[in-house]
Amino acid sequence: MMKFRFRRQGNDPQREKIKQELFAFNKTVEHGFPHQPSALAYDPKLQLMAIGTKSGAIKVYGSPGVEFTGLHKDTAAVTQILFLPGQGRLLSLLDDNTIHLWELVGGPPREVGGVKREGVVCLQEVCDYMLPGRPGIESCSATRVTVLLLLRSCDLLCVGTEGGGVYFLDLPRLSLRDSQSLHQDQVMQSLPEDYRCGKSLGPVESLQEHPQLPGKILIGYNRGLVVLWDLSARHPDHLFLGKQQLESLVWERTGNSYVSSHSDGGYSVWPVTSGNPYIHQPVSSTIPYGPFPCKAINKILWRTTQSGSPVLLYSGGMPRASYGDRHCLSIQKDKEHVTLDFTSRVIDFFTVHNVEQEKEFDDPSAVVVLLEEELVVIDLLTSGWPSLPTPYLAPLHSSAITCSCHVSAVPPKLWERLVNAGKAQQGQQRTHRSWPICGGKNQAPPPKHQELLLTGHEDGTVRFWDASGVALTPLYKLSTASIFHTDGDPADDPQDDPGDDPDARREEEEEWPPFRKVGCFDPYSDDPRLGIQKISMCKYSSKLVVAGTAGQVMVMGLSDERSEHMVDVSVVDLLQDREGFTWKGHDRLEPRLKPAPFPPGFQPLVLVQCMPPASVTAVTLHAEWNLIAFGTSHGFGLFDYHRRNAVLARCTLHPNDSLAMEGPLSRVKSLKKSLRQSFRRIRKSRVSGKKRTITTTPTSKVQEANAALAAEQEEVAPVQRRIEPRSADDSLSGVVRCLCFADTFLRDGTHHGPTLWAGTNSGSVYAYALEVPGVGGGGRLCDRGVSSGGGGEGRDACAEAVLGKEIQLMHRAPVVSICVLDGRGRPLPDPYEAAQDLATAPDMANAHSVLIASEEQLKVFSLPKVSAKTKFKLTAHEGCRVRKVALVVLSSTAQEDYSEHTMVCLTNLGDMHTFNIPALRPQVRYDCIRKEDISGIASCVFTKNGQGFYLISPSEYERFSLSAKVLTEPLCSVQLDRPLEHTLTSDGMTPQRQANGTHRLGQAEGLTEDPWTPGLSSPGQDTPLDSPLSCADITLDSTGELTMEDVRDFLTTVDEAENNLKNIKEEEGRSTGILIN
């Protein structure tokens, strides 16, 4: 009865105020290349580029850091975009036949980094319009829009339709000028009798305004007819009687001729004279890749130059039989001819050239090509037409992303060395031109620290990205394929570049068409075993550990010079000769036996090969101790990379764990196990199909829980609960999920030292005490190899590992994360941080503790006794499972020197839960990722300052922030030809959608929110999120089937719920589930 005295009443207003100063959820910016692009436009006055996507998103880009994003209300593909030059307005055409007007509007002044920023703008939709159907014509396809043309006066929009009509809309009101509409029958009346032949002219394929005579437009019909139409006289000036199916039109700058491209792979030059109104034949017709049948030239551009020879650019036109599957853009100038060969489809392209009327020539400086999977910019002023490196919009998925890692506060020296290594890789491009799309002004303050995002890829590469700001810029690419012989490697040395061979170059020059591979998107991997699975980096020692799919663990060091050397190889047998196990998966990658050349950058020091060669599931690095730890589905190992000595190998397999021997690339399956799992899924789906609708009354919850429980008994299904003892022989129970190094107390409470912690899929935690040479006098003499087969020199001191503790979580849920906390309850600093005074030294005077996060609950144990101190059963209360865990530091917006260490948990439902440590009291909860987005949840990575990234598509990262103080978002302004309007919502915030359909301000679902503190529970709530009474209210608000334990949890008294939430001790009568060896 005494426990009633300590129950908290209501909420703590002071704590709520602190939470509002610490927590705020925002989705800030999307990094990478837009998924499924479908349209492209360019504003030559503002130097802005716009990309539309099939999901209805519009993204506007300028100089690095200048980005605007808009999202149409309906999910429909954007088929065309047009800028109103200089006005900050653009028009979009969707495939639902609607036309939308967008404009840049000013937002309220914002304080960022202590500086007040004026003139910050965003993209907002103004109005939309749909063409009405013609009277007497039932089919709506007649008015389906095929092409748009904006006149140079920017007050009239010409709309071509599928029925052959051309309509005119006033801008910016988008109102129809019905009196000026031009229908196909009006054009037919002007045609010669022999050309009509009773055939329709087809849809309008192209509309182009005369470059010298405003008010005259070229109208190109699908059948081949082109009409020069006078808008003021409403009469055709010229009729060009083409007979080949038309694809596109472009004017020559003087207006004396135009060029048409056709479906037969050819293009024609037509004269525009003041003589005969009927022109039957062009001046010239060319099929550049004939004479055999060719594919259509979809778009063509003709640009004049001061040198006299025009630049001709066109997409398509390849010979059907030989190269019909190629995606190409051809560039011709005089005798120069290059066929750019891309790995994905060409969506659209434009040139950066002179648009001022007083200029005599176009003089194009660059061509920008939008492809389905990347953006390529070609420098037309430099000899050879090289490609320009992209400061943003780089294809993250040039090879499929398999893992990622974030490094905060990169030291300036390391940053400089990485930048130099990246520049050395780009040296062969031989262009120093600046990025041509440079509109707008980035008003975001410069980053205080440089940040790195490392992505591992399927082809064995690791890419380094500058994640300090809005623009995710590629810095450096590391390839691991050169260390191995691969399946797709016919040569002994993959570093050999055929482009350096004069004979090969001569053959390439003689090839027709003159192909040149351009772009970096390459979705094909020579060998799937090269795939990168885990990355760990020490920013202070410039050491990198990269682990792959075939059990390869590579330790790398940063070098500024090119090197050619052999890579030391050490094999670690994780099975330890255990009998009864046979590996059925892929073979290991064979390392090269000859010295291999390595360019400046990260170069391999040693290769550790796990046997069996299963995919590496966990890796960690402690550069101060020269140790790496790695884990697979069979066990984990410890390796001293300085002395090339294997210290430990521990097998974690259960005798019945046969699935772990098959590997991710094996097709060998157990029929018995597959059938058993299938029947379990069927039973589970039957039960979950009868689950309750979410209501708020406790009575209905209990009734639905009882009904679900009865259904389970009728199906004779095994009882499943949120936290339950799992079977020890579950498939893949030996998978090592996490590894952790820590300097802490393990053997006794007075002597601390290096330790290694490992957590497995079956809820087992192994803690090893380490003797490290040079650390506290540890180490021993290496006179022979240890149990894993590693070797060492006879008189060198080597590290040693002794099992100190073994913990078995009672519910056997997979261990997701392990973290040791010092005497103040704070995470231990990274290696070298405390030694170099870069972080506060850990408290070694008071007792340490270890925080173990499983998929179902969070638990803190005291050290060295390993007794449970506090816990939070997340699955029992929330009905979700932990997928990602991170410890972050959140700074206050009100007090410069105040911050809190917080644990962030991402669950399988896509929501974020935050807890203070070490008390594990819930703070706030946010909905972040859709629960159906499994890949997005799996790809999430957190930063140390409360930000994070996750994939919203194969090519895009969504960046978000949990911190009220630290967030990276676009803050930019544009100088427009019109006054900048300010449009605000009722709450004073500028409305802005994101391309994935989510809003920037995150809110905790199901909570009443104060409008001035988005994402935080209001102090006036009856049951706030961190109230001890709240767990009883939210226990059953979860998706998934109900079990008997759900009912029991709900029927517990308020006192028991309070005890569960406050996490003071284990339930009475339960064992601690700790086995200590």
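**Reading a predicted model**

Modeller: Buried means under 20% relative accessible area, exposed over 50%, and partly exposed in between, using a 1.4 Å probe and protein chains only. This is a predicted model, where local features need pLDDT of at least 70, side-chain atom pairs count only at pLDDT 80 or more, and totals for chains, interfaces and linings use all residues. Residues are numbered from 1 along each chain as its sequence is written, and side-chain values use heavy atoms, with hydrogens and water left out.

Colleague: Where is Thr28 found, and what does the side chain of Thr28 reach?

Modeller: Helices (H or I, at least four residues) and strands (E, at least two) are DSSP runs, numbered from the N terminus. Thr28 belongs to strand S1, residues 23-32. A polar contact is a pair of N or O atoms within 3.5 Å; within protein, one must be able to donate a hydrogen and the other to accept it, and residues adjacent in sequence count only if both atoms are side-chain atoms. Here the side chain of Thr28 reaches the backbone oxygen of Thr968, at 2.9 Å.

Colleague: How many helices and strands does the protein have?

Modeller: There are 13 helices and 70 strands. Of its 1077 residues, 56% count as buried. Contact means heavy atoms within 4.5 Å. Among contacts with a separation of 6 or more, 62% come from residues 24 or more positions apart.

Colleague: How should I read a nonpolar core, and which residues of the largest one touch the most other members?

Modeller: In soluble globular proteins, nonpolar side chains tend to be buried together. A nonpolar core is a set of buried Ala, Val, Leu, Ile, Met, Phe, Trp, Tyr and Cys residues joined through side-chain atoms within 4.5 Å. The largest one holds 34 residues, and Leu452, Leu454, Phe464, Met537, Leu544 and Phe602 touch the most other members. Apart from that core lies another, of 33 residues, including Tyr289, Cys294, Ile297 and Tyr323.

Colleague: How do I read an aromatic pair, and how many are found here?

Modeller: A pair of aromatic rings is described by the distance of the centres and the angle of the planes. Rings of Phe, Tyr and Trp (its six-membered ring) pair if their centres lie within 6.5 Å; planes under 30 degrees apart count as stacked, over 60 as edge-to-face and the rest as tilted. A search of the whole structure gives 23 such pairs. One of them is edge-to-face: Trp251 and Tyr258, 6.1 Å centre to centre with 65 degrees between the planes. Both Trp251 and Tyr258 are buried. Another, between Tyr476 and Phe602, is tilted, at 6.5 Å centre to centre and 45 degrees between the planes. This pair links distant parts of the chain, with Tyr476 in strand S37 (residues 473-479) and Phe602 in strand S47 (residues 601-611), 126 residues apart. Tyr476 and Phe602 are buried as well. Ring pairs also link Phe25, Tyr926, Phe942, Tyr950 and Phe960 into a cluster.

Colleague: What about a charge over a ring: which residue has its charged end over the ring of Tyr195?

Modeller: A charge sits over a ring if NZ of Lys or CZ of Arg is within 6 Å of the ring centre and within 35 degrees of the ring normal. For Tyr195, the residue is Arg223, whose charged end is 4.6 Å from the ring centre. Lys299 likewise lies over the face of Phe349, at 5.0 Å from the ring centre.

Colleague: And how do I read the backbone: which residues does a cis peptide bond join?

Modeller: Most residues other than glycine have a negative phi, and most peptide bonds are trans. A cis bond joins Gly290 and Pro291, with omega about 5 degrees. Pro291 is in the loop between strand S24 (284-286) and strand S25 (297-303). A cis bond also joins Ile917 and Pro918, where omega is about 5 degrees.

Colleague: Where does Gln36 lie, and is Gln36 buried or partly exposed?

Modeller: Gln36 lies in the loop between S1 and strand S2 (37-43). Its relative accessible area is 40%, so Gln36 is partly exposed. Gln36 is not a glycine, yet has a positive phi of about 55 degrees.
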